[in-house]
Structures are given as structure tokens and as C-alpha cells.
Amino acid sequence: APAVEGGAMMAAGWRGAVLGLVAYATFDLTALSIIKGWTVTVALADLAWGTIATAIACIIGFLVLRHLSTAGAGLS
């Protein structure tokens, strides 16, 4: 919502990337310490995937919310 109010799609993407990195790092760092066979390579690939996937999801969410907010403004 803050990105939509400011009209900055890239802000939504960067915030999503940070969220994805933190969320996936929480799992991956835990997995490295407790799952036998979980390698650093797998963890880094998963971190990259989570960062990119969450950023894309946030950008899509931004675009949908912006569309809905502009469509709703025309109904008033």
C-alpha cells in the first residue's frame, strides 16, 4: 500500500525482494544447520529464487492494487 500511494512500482519490488530474502534466509540458514545434505549451493539457489519470486509477486500485487484503486475511483 505505501508503494501504491507513492506510485512507485520499483519501491514495491525492492521491498518485496528484501522480504523474500529475509523470509527465505530464515529457512535456509536453519536448514543448513539441521538438515543433513542441505548444501550452501542449494541454500544460495533457494535464496535467489525466494528473493526474485517475492519481488515479482509484490510488483504484481502493486499493479493489481493500483488498477483496483483507479477503477474504484471512477465508480464514485
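1. Which pattern does the protein chain follow when read along the sequence? The pattern is α-α-α, with three helices and zero strands in the protein chain. Helices (H or I, at least four residues) and strands (E, at least two) are DSSP runs, numbered from the N terminus.

2. This is a predicted model, in which local features need pLDDT of at least 70 and side-chain atom pairs count only at pLDDT 80 or more, while totals for chains, interfaces and linings use all residues. Residues are numbered from 1 along each chain as its sequence is written, and side-chain values use heavy atoms, with hydrogens and water left out.

3. The mean pLDDT (the predictor's confidence in each residue, from 0 to 100) of the protein chain is 88, and 87% of the residues score at least 70. Confidence in the protein chain is lowest in helix H1 (residues 2-6), with a mean of 68, and highest in H2, with a mean of 94. Where pLDDT is low, the predicted coordinates should not be read in detail.

4. Helix H2 comprises 26 residues and spans 38 Å from its first C-alpha to its last, close to the 38 Å expected at 1.5 Å a residue; the expected span is 1.5 Å times one less than the number of residues. A kink of about 25 degrees in H2 is centred on Ala25, the bend at a residue being the angle between axes fitted to the seven residues ending there and the seven starting there. Ala25 is also among the buried residues of H2, which include Gly13, Gly16, Gly20 and Asp28.

5. Buried residues (under 20% relative accessible area; exposed is over 50%, partly exposed in between; 1.4 Å probe, protein chains only) make up 24% of the 76 residues in the protein chain. Of the contacts with a separation of 6 or more, 62% involve residues 24 or more positions apart, where contact means heavy atoms within 4.5 Å.

6. The structure holds one aromatic pair. The ring centres of Phe27 and Trp38 are 5.5 Å apart and the planes stand at 90 degrees, so the pair is edge-to-face. Rings of Phe, Tyr and Trp (its six-membered ring) pair if their centres lie within 6.5 Å; planes under 30 degrees apart count as stacked, over 60 as edge-to-face and the rest as tilted. Phe27 lies in H2 (residues 9-34) and Trp38 in the loop between H2 and helix H3 (40-73). Phe27 is partly exposed at 43% relative accessible area, and Trp38 is partly exposed at 24%.

7. Gly7, in the loop between H1 and H2, is exposed, with a relative accessible area of 51%. The C-alpha atoms of Gly7 and Arg66 are separated by 8.3 Å, although the two are 59 residues apart along the chain.
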